[in-house]
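The following report describes a single protein chain, moving from individual residues to the chain as a whole. Please read it alongside the sequence and the coordinates shown here.

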Amino acid sequence: QVQLVESGGGLVQAGGSLRLSCVASGSFFSLNTVAWHRQTPGVPRDLVARIFRSGATDYSEAVKDRFTISRDNAKNTVYLEIKNLKPADTGKYLCAADADVGGDLRSFWGQGIQVTVSV
């Protein structure tokens, strides 16, 4: 099993910035694609950013200018930096990862962490 734990969220003012972290632990050979999703009550979760094993990144159109996803493979950690926060960024951010577990590629989800942007 793989556990994903997000941290770094909280209440921030519009215009500020923060960095979310997703730390993977457990028994696995490697993390492949890792993604950040966002969900709000009554709204389906959406993919905001993902990073591949190679380091290549992919962003949704809405966030590509302000969000930066990165990874530190040595620490099994993926980050999401958000600049110039807007109220629309408010939501629960969940980390999802594809991991090689015992030779099988499996998907895992973190519990999510709340980001609330005040005005």
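This is a predicted model: local features need pLDDT of at least 70, side-chain atom pairs count only at pLDDT 80 or more; totals for chains, interfaces and linings use all residues.

The backbone of asparagine 84 takes a positive phi value, near 50°, in a residue other than glycine.

Asparagine 76 likewise is not a glycine and has a positive phi, of about 50°. This residue belongs to the loop between strand E7, residues 67-72, and strand E8, residues 77-82. With a relative accessible area of 28%, asparagine 76 also counts as partly exposed.

## Threonine 77 in strand E8

Threonine 77 is part of strand E8, and with a relative accessible area of 6% it falls under the 20% limit, so it is counted as buried. The side chain of threonine 77 makes a polar contact with the backbone of the chain, reaching the backbone oxygen of lysine 75 at 2.8 Å.

Once neighbours within four places in sequence are set aside, the residues in contact with threonine 77 are Ser21, Cys22 and Val23, together with Ser70, Arg71 and Asp72. Of these contacts, Ser70, Arg71 and Asp72 carry numbers that lie within the range of strand E7, residues 67-72.

## Serine 107 in strand E10

Is serine 107, a residue of strand E10, buried or exposed? Its relative accessibility is 55%, and because the limit for exposed residues is over 50%, serine 107 is placed in the exposed class. Strand E10 itself spans residues 104-109.

When residues up to four places away in sequence are not counted, serine 107 touches Ala97 and Asp98. With aspartate 98 the link involves the side chains of both residues, which are joined by a polar contact of 2.7 Å. A separation of another kind is found between serine 107 and alanine 88, which stand 19 residues apart along the chain and whose C-alpha atoms are separated by 28 Å.

## Arginines over aromatic rings

Two arginines are placed over aromatic rings, as described here for each in turn. The charged end of arginine 19 sits over the ring of tyrosine 79, at a distance of 4.2 Å from the ring's centre. Arginine 45 lies over the face of tryptophan 109, where the distance to the ring centre is 4.2 Å.

## The chain as a whole

Which kinds of secondary structure does the chain contain, and how many of each? It has eleven strands and zero helices, so that, read from the N terminus on, the order of elements is β-β-β-β-β-β-β-β-β-β-β. Among contacts between residues at least 6 apart in sequence, 54% join residues that are at least 24 apart.

The radius of gyration of the chain is 14 Å, which agrees with the value near 14 Å that would be found for a compact globule with 119 residues. Taken along the principal axes, the box filled by the C-alpha atoms has dimensions of roughly 45 × 25 × 25 Å.

Key
Residues are numbered from 1 along each chain as its sequence is written. Side-chain values use heavy atoms; hydrogens and water are left out. A charge sits over a ring if NZ of Lys or CZ of Arg is within 6 Å of the ring centre and within 35 degrees of the ring normal. Helices (H or I, at least four residues) and strands (E, at least two) are DSSP runs, numbered from the N terminus. The radius of gyration is taken over C-alpha atoms; the globule rule is 2.2 Å times the number of residues to the power 0.38. Contact means heavy atoms within 4.5 Å. Buried means under 20% relative accessible area, exposed over 50%, partly exposed in between (1.4 Å probe, protein chains only). A polar contact is a pair of N or O atoms within 3.5 Å; within protein, one must be able to donate a hydrogen and the other to accept it, and residues adjacent in sequence count only if both atoms are side-chain atoms.
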